[in-house]
Every structure is written in C-alpha cells, then in structure tokens.
Amino acid sequence: MEFITHSEDETIELGKRIGRLLKPGSVIALYGGLAAGKTTFTKGIAQSLGITEPITSPTYTIISEYEGTCPLYHMDCYRIEGDEDAIAIGIDELLYSKGICIIEWSERIPNLLPDTTIKITLSVLPEGERRIVIDSTELEAQL
C-alpha cells in the first residue's frame, strides 16, 4: 500500500491510523534516509497509544521507552554495527516483548527482525511530500 502525505500533520495522522491497528508485540521496521519522516510517523503511532511526552529521534540513546496503553520501544539502529551490537544492548529481547517496537535504520539488523515485522518505507518527493509504502498483509486488510 502506498500513501502520499503533504505535511507533517498528515504524516502524523497516518501514523495514528496505523497505530490504532497495532497489537502488543507488533514490530515496525522503518526504512528511509535522513529527514524522510520516520520520527514524525512514530509521533503519530505514539499519540494513538495515548503517549503525550515528546517523541524524539533516539539516535544517541538508541532505545527510548514510552508508557501508554501499550509500551512503545522506539529504536534507532543507525549507530548499531550489526546483530551482535543489537543483542548486547537487549534489542532482541524487546522485539519479542509485549510492547510495540518501532525501529529506525532497521536495515542494520535484518537477521533479528521477526517474520511478522511490518515494513514501512518513507521517502521525500520533489515537492516535499512523503511517499509512505507499507508492506504488511495483516494491515492491508484493515486499511
């Protein structure tokens, strides 16, 4: 499925829409370059879970945890050097927890992602819009 958003607010709204469909244990792998809208999209998911604190990119903290109707683990694997690094800091345990995991730069840990991972690719279009492509048969039936 492909969506085009024309503003930050629309990207957040799409994140909310997706967030309402997620269940405890859902894992979302976000793909896209710098400033593609990954953290903005995550803000919408967080809002759908009742999280009111600010969502920021966890580039330096690597994992940010938020409490809402379901725990949200927002991860940024940009600085991760592969599976061993991820395992050393416990990312593998969070991927199989009762929380919702959102992983930016997930291409750095492809071997750790569960088979049920929802893959979302964000890209910037020439006029500043965002193309958001969702690869999930589970969500496709609900959207």
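Buried means under 20% relative accessible area, exposed means over 50%, and partly exposed lies in between, with a 1.4 Å probe and protein chains only. Helices (H or I, at least four residues) and strands (E, at least two) are DSSP runs, numbered from the N terminus.

The structure is a predicted model: local features need pLDDT of at least 70, side-chain atom pairs count only at pLDDT 80 or more, and totals for chains, interfaces and linings use all residues. Residues are numbered from 1 along each chain as its sequence is written, and side-chain values use heavy atoms, with hydrogens and water left out.

**Helix α2**

In α2, the buried residues are Lys38, Thr39, Thr40, Phe41, Thr42, Gly44, Ile45 and Ala46. Because eight of the 11 residues of α2 are buried, this helix is largely enclosed by the rest of the structure. The cover over these buried residues includes α1, β2, β4, β5, β6 and β7, where contact means heavy atoms within 4.5 Å. After α2 comes Gly50, with a positive phi near 80 degrees.

**The sheet**

Strands of a sheet pair through backbone hydrogen bonds, either parallel or antiparallel. Here two strands pair if DSSP finds at least two bridges between them. Seven strands make up an open sheet with mixed pairing, in the order β1-β7-β6-β2-β5-β4-β3. β1 (2-5) and β3 (63-66) are at the edges with a single partner strand each, so one side of each has no neighbour in the sheet. On average, neighbouring strands of this sheet are turned by 20 degrees against each other, direction ignored. Axes are lines fitted to C-alpha atoms, for helices over the stretch in contact, and angles run from 0 to 180 degrees between N-to-C directions.

β4 (residues 72-76) pairs with β5 in the parallel sense over five bridges. Leu72 has Ile100 in β5 as its bridge partner. α1 lies across β1 and β7 and runs at about 145 degrees to β1.

**Nonpolar cores**

A nonpolar core is a set of buried Ala, Val, Leu, Ile, Met, Phe, Trp, Tyr and Cys residues joined through side-chain atoms within 4.5 Å. In the largest one, the residues with the most contacts inside it are Ile28, Phe41, Leu72, Ile120 and Ile134.
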